[in-house]
Amino acid sequence: MPGPPPPLRVGFESVPEALVARTHLVDRLIAARRVPVALIAAPAGYGKTVLVRQWAELDERPFAHVTLEEGHDDPALLARACAEALNLLSTDEDAVLGALATMGEPFVLVVENAHILRARRALDLLAAMIEQLGPGCQIALVSRTEPRLAVARLRANRRLVELRASDLVMTRAEAAALAKLSGLELDGEALDLVVTRTEGWPAGLYLAMLVAGEADDPEAAFTSFGGDDRLVADYLREEVLSGFRATEVEFLTRSSILGRLTGPLCDFVLERTDSARLLKTLSRMNLLVVPLDRTDTEYRYHRLFGQMLRGELRRGEPELERRLHRRASEWYEQHEDPDRGIEHAISADDPERAGQLLWEHANAFISYGRNDKVCAWLARFSREQIASCPALALTAAATQLATGNGGMTEHLASAARSALGRAGSLEPAASVLEASVARDGIVRMGEEAARAYELERAESPWRAVACMLMGVSAHLVGDRERARGCLEEGGRRGAAVAPNAQVLCLAQLALLALEEDDADTAGVLAARAKAQVERIGLKHYATSALVYAVSADVLARLGRVEDAQRDVETGKALLDALTDFAPWYELECRITLARAALRMSELPRARVLLAEAARGLQQVPDAPAAREWFDECSAQADAAIESFGDGGWALTTAELRVLQFLPTHLSLPEIAGELFVSPNTVKTHARAVYRKLDASSRGEAVDRARGAGLLVSHAD
């Protein structure tokens, strides 16, 4: 009968003491005791041997143990090793098979390193041993790779219980227990980080605990822990890569730049023709190559293994690494996967190619709520690289426009034009971006947008933006019919290719409808714009402020006060996020929000918004329509003050405009110059402010106004 199992060997001598008991896996093995074959197959470091030890301790059956070495590929030597483990008198192959058939008491024969068996006669002997097993007896195959047995047939006939790498990964609770045994107290975030980085690979977790235990800040050590750490890299070289042919290692290192691996992709990037076959072979060898489907089509490398391989490539063939990334970028561009194409172009340190791909897809990314992703890609380039590459500079300008930073939009568009010159396919887009901030006035904005519209190709998304700018310009100068035509065209063009421009066209058309007392049309347009913003993820864009302002105005007219209030808050928050943005845009937002506030009887908020709008009005002197809106809204606010009062703080709109300048260093005559009124008028309004706020000085008036929420936060 089998004797007690001999000591089990592991890659790390201290791992068995550190690993927690994995009773849930042992329970699965014991529950399948009537199945003749137990297969425990996983790469090095997954605790296979430790699991077998724990199984032997908990299973009532006796365990015999065989650790195979290269010589056991000889069937005679394999038979002898099995006979000795089972305490058989004869070591002949036939005798071993006969003994297996006649043993009355159930047992488990553990065959460790089953991946060593390659010779057909040795494999045939193992298969015959399986067939001769009596009831309750099992052969447990512990292997780093898929054994060369008829595993599929055993599985189909329900004669096999399997534990693979996915079963052997350590859970979060087991990782916490391992950390505690290592003397580490980890918070939840650090624990999640290390489990994610190691993908639950037991050896990786153990090594991570070693690294953290030697660090002054253990939790911070996990942040930088990866496959390129010396301990991990050394282990993987010795336990995983050793024994493989140089050509296989070369394939692994060179293909490691790819996140998802397929045969055609690897063939193209590595310039070979056998990648699919090799990937399938490597995945069957459990070489930390993870299949991503059940058709042997896509694979990936284990996170730590991939990092180690990339480190090897970077040290050994740095120039080749860049060339491989460029070829990968070409592949993904050809297969319409811009994200990966851009990623590999950046990794190839190829600003021109990355810029070309980024600019080609920038509008689509930004228009569908992915501005942060584009900004993250751009952050991997230096300022000099961006400024010297027109496509990168224009992409950066477009991201700044989406975030509402007018100054940076203008600066980057100007940098692109300087690098580009006045000719080239990118020049119209540069004109649109420069026009969008309207530094030279509303009329000039419309002219520049019209010129860019004519130069831009018909299918370009920037034509939609140009239409929007032309429509705004026409609207603000009073040409409503031309405005309507431009805005409707911009809405149609932008629906598919530039929804961020489309929603602004819809919002502007809603303003036009309100101006014409067509509340029904305005309601439909405002609802469409808001629904589109929220559907495609533009709600956090500062440039969506006008959409919420218009929606608030329409909802307030309908008496839907709570809904209008929410949109006012959202619109105001987005408006406050704008930085040095287009004056016309901020002006429209403030006047529209003020109208909504008046309809909800929020007079103090309306007056502050109007005071802000008054200052912005001076920056768009060629926008008579905006002046009309402002005067009408101001008159409504003043009428409200006269009719209902304001709790003793009844500052008129004109007085509130003067109040906004009091915290500044400007003298009263200088304030008059800013407001385009006489110094005596400003002096009169200032005295009225002091009187109504019960203040005896300019400083006291400012303090009281701040306490009442009447001052604009950025007026200091």
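Predicted model: local features only at pLDDT ≥ 70, side-chain atom pairs only at ≥ 80, totals over all residues.
**Exercise 1. Aromatic pairs**

*Solution.* 

1. As to accessibility, tryptophan 55 and phenylalanine 63 are both buried.

**Exercise 2. A pair between two helices**

Classify the geometry of the pair formed by phenylalanine 268 and tryptophan 331, locate each residue, and decide whether phenylalanine 268 and tryptophan 331 are buried or exposed.

*Solution.* 

1. The ring centres of phenylalanine 268 and tryptophan 331 are 5.7 Å apart, and the planes are at 45°, which is a tilted arrangement.
2. Phenylalanine 268 belongs to helix 15 (residues 263-270) and tryptophan 331 to helix 18 (residues 318-334); the pair therefore ties together parts 63 residues apart in sequence.
3. Buried requires under 20% relative accessible area. Phenylalanine 268, at 21% relative accessibility, counts as partly exposed.
4. Tryptophan 331 has a relative accessible area of 14% and is therefore buried.

**Exercise 3. Helix 2 and helix 3**

Describe the crossing of helix 2 and helix 3 and the composition of their contact.

*Solution.* 

1. The axes of helix 2 (residues 23-31) and helix 3 (residues 48-58) come within 9 Å, and the crossing angle is roughly 65°.
2. The crossing is right-handed.
3. Helix 2 contributes Thr23, Leu25, Val26, Leu29 and Ile30, which meet Leu51, Gln54, Trp55 and Leu58 of helix 3.
4. Sorted by class, the contact residues comprise 7 nonpolar, 2 polar and no charged.

**Exercise 4. Helix 25 and helix 26**

Determine the relative direction of helix 25 and helix 26, the handedness of their crossing, and the residues in contact.

*Solution.* 

1. Helix 25 (residues 427-436) and helix 26 (residues 442-455) have axes that come within 8 Å and cross at roughly 160°.
2. Helix 25 is therefore roughly antiparallel to helix 26.
3. Their crossing is left-handed.
4. On helix 25 the contact is made by Glu427, Pro428, Ser431, Val432 and Ala435, and on helix 26 by Met445, Glu448, Ala449, Arg451, Ala452 and Leu455.
5. These residues divide into 7 nonpolar, 1 polar and 3 charged.

Technical notes: Residues numbered from 1 in each chain as written. Heavy atoms only, no water. Axes fitted to C-alpha atoms, helices over the stretch in contact; angles between N-to-C directions. Helix = DSSP H or I, 4+ residues; strand = E, 2+ residues; numbered from the N terminus. Parallel < 35°, antiparallel > 145°, perpendicular 65-115°, else oblique. Left-handed = near helix turned anticlockwise from the far one by under 90°. Contact = heavy atoms within 4.5 Å. Nonpolar A, V, L, I, M, F, W, Y, C, P; charged D, E, K, R; others polar. Buried < 20%, exposed > 50% of the residue type's maximum accessible area, 1.4 Å probe, protein only. Phe/Tyr/Trp six-rings, centres within 6.5 Å; stacked < 30°, edge-to-face > 60°.
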